[in-house]
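Work through the following exercises with the model open beside the text, and try each task before reading its solution.

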Amino acid sequence: MVSKQKLLEMLEKQPDDLFLQYALAMEYLGMQQSDKAQVLLRQIITADEHYVAAYYQLGLLLQQTDEAAAVAIFEKGMQEAQAKGDRKTVNEFRSALDELLY
């Protein structure tokens with residue numbers, strides 16, 4: 001596992017690397033720093049609207065504070081997963097939505 005410090009150093013050299021940004025967001029989540037994770041996840045989606053994993057993690061974060069926003073993020077992520085033909089991920093989004101809505 002790569003530490004937060006190492007990820008930050010790697011991002012200094014490759015600031016546009018979305019995988020590194022995503023890894024850092026996950027590190028922030030593990031450290032209970034959801035605000036920092038949310039900022040990174042939104043940046044990833046802005047940079048690449050097809051980055052499905054970022055939608056899922058952002059939706060999970062938002063369901064704690066803004067259910068309507070979480071629903072919108074989950075729905076958009078599900079559309080992206082459908083466009084890629086990724087049925088497993090579509091089902092994960094559907095389950096998250098069902099849990100949130102029912």
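This is a predicted model: local features need pLDDT of at least 70, side-chain atom pairs count only at pLDDT 80 or more; totals for chains, interfaces and linings use all residues.

Residues are numbered from 1 along each chain as its sequence is written, and side-chain values use heavy atoms, with hydrogens and water left out.

**Exercise 1.** Describe the overall build of the protein chain.

*Solution.* Begin with the secondary structure, which comes to six helices and zero strands, where helices (H or I, at least four residues) and strands (E, at least two) are DSSP runs numbered from the N terminus. Finally, the C-alpha atoms fill a box of roughly 40 × 30 × 25 Å along the principal axes.

**Exercise 2.** Determine how helices α5 and α6 are oriented to each other.

*Solution.* First take the axes of α5 (residues 67-83) and α6 (residues 87-101), which come within 9 Å and cross at roughly 160°; these axes are lines fitted to C-alpha atoms over the stretch in contact, with angles from 0 to 180 degrees between N-to-C directions. The two helices are therefore roughly antiparallel, a class for angles over 145 degrees. Then list the contacts (heavy atoms within 4.5 Å): the α5 side includes F74 and M78, and the α6 side includes F93 and L97.

Methods
Angles under 35 degrees count as roughly parallel, over 145 as roughly antiparallel, 65 to 115 as roughly perpendicular and the rest as oblique.
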